[in-house]
Amino acid sequence: MAVANSTVTLLELGELDINLRVRGQRFCEYRGTRLQLEAEGIIPPGTQWQDGFNSSRTWIVNGISFSLFRVRPRGAKGPRRQFYDCDYWCLRIMREEKAGQDYALEEQKKKLREMLYHRSPEAAANRSKEYKKICAAREDAAFQRYLSTLSAGPEKSRMQHVDIAPHAVNPRKGRA
């Protein structure tokens, strides 16, 4: 009878991983072994740990949604069935009202609001005010003398390279 050669590669799981995903998905995850997660004190006593890879346990406390499920360790290769009973877990935490929302859609809405603002008359007026302040500062001799005193040492400060004379021609609009 032939015995198939199979090797099992042990993974060094290391320390507990904590991932904060603020921008796109707005949740945090704790990833580690059961012992690591329990040691953090974030798993309620008596929690039923799930069997299998696709099952999860979810609970809500004070408006916070918690989901506990098994994940493949970082760097692990191979099909999911190899990790059926792997002791590596993920605890995902998010606000209850945000659970299940489409964060990509929310991000696109935010970008659209910003684009619409930048094309609005209000934004144009704000840019014009800022440009006038910059031009006034460029022509203010006292301010330019102050800038010339700023020095980071033997090298010249970036601020010393500010052009004191007003620009004669704005390439986009003709004369200044």
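Modeller: A nonpolar patch is made of residues with over 30% relative accessible area and no salt bridge, their side chains being joined within 5 Å. The model under discussion is a predicted one.

Biologist: Which residues form a nonpolar patch on the surface?

Modeller: One member, L150, lies in the loop between helix 4 (141–149) and strand 6 (169–170). Because a patch residue needs over 30% relative accessible area, L150 qualifies with 31% and counts as partly exposed. Together the members have about 270 Å² of accessible area, and they are F143, Y146 and L150.

Biologist: In what pattern do the helices and strands follow each other along the sequence?

Modeller: The chain contains 4 helices and 7 strands. Read along the sequence, their pattern is β-β-α-β-β-β-α-α-α-β-β.

Biologist: What percentage of the residues of the chain count as buried?

Modeller: The accessible surface of the chain comes to about 13800 Å², with 54% of that surface belonging to carbon and sulfur atoms. A residue is called buried under 20% relative accessible area. Of the 176 residues in the chain, the share that counts as buried is 26%.

Biologist: How many residues are in the second, separate core?

Modeller: L91, named for the largest core, touches residues including Y30, I43 and L68, leaving aside those up to four places away in sequence. The second core is separate and includes F53, V71, A76 and C90. Its number of residues is 8.

Biologist: Is T47 buried or exposed?

Modeller: T47 has its place in the loop between helix 1 (34–40) and strand 3 (56–61). Beyond its neighbours within four places in sequence, T47 is in contact with R57, W59 and L68. The relative accessibility of T47 is 13%, and the cut-off is 20%, so T47 counts as buried.

Biologist: How far apart in space are T47 and W59, C-alpha to C-alpha?

Modeller: In sequence, T47 and W59 are 12 residues apart. From C-alpha to C-alpha, their separation in space is 9.9 Å.

Biologist: How many residues apart in sequence are the parts that E29 and R92 tie together?

Modeller: Side chains of opposite charge can pair when their charged atoms come close. E29 forms a salt bridge with R92, the closest N and O atoms being 2.5 Å apart. Since E29 lies in strand 2 and R92 in strand 5, the pair ties together parts whose separation in sequence is 63 residues.

Biologist: Is R31 buried or exposed?

Modeller: The side chain of R31 meets that of E29 in a salt bridge (3.0 Å, N to O). E29 has a relative accessible area of 1% and is buried. With a relative accessible area of 16%, R31 is likewise buried.

Biologist: Why are E130 and K133 separated by about one helical turn?

Modeller: A salt bridge joins the side chains of E130 and K133 (3.6 Å, N to O). E130 is partly exposed at 45% relative accessible area, while K133 is exposed at 52%. They are separated by about one helical turn because, in helix 3 (residues 121–139), their spacing is 3 residues.

Definitions and conventions:
Residues numbered from 1 in each chain as written. Predicted model: local features only at pLDDT ≥ 70, side-chain atom pairs only at ≥ 80, totals over all residues. Heavy atoms only, no water. Helix = DSSP H or I, 4+ residues; strand = E, 2+ residues; numbered from the N terminus. Buried < 20%, exposed > 50% of the residue type's maximum accessible area, 1.4 Å probe, protein only. Areas by Shrake-Rupley, 256 points an atom, 1.4 Å probe, with all protein chains shown as cover. Contact = heavy atoms within 4.5 Å. Core = buried A, V, L, I, M, F, W, Y, C linked by side-chain atoms within 4.5 Å. Patch = residues over 30% accessible without salt bridge, like charges linked within 9 Å, V, L, I, M, F, W, Y side chains within 5 Å. Salt bridge = Lys/Arg side-chain N within 4 Å of Asp/Glu carboxyl O.
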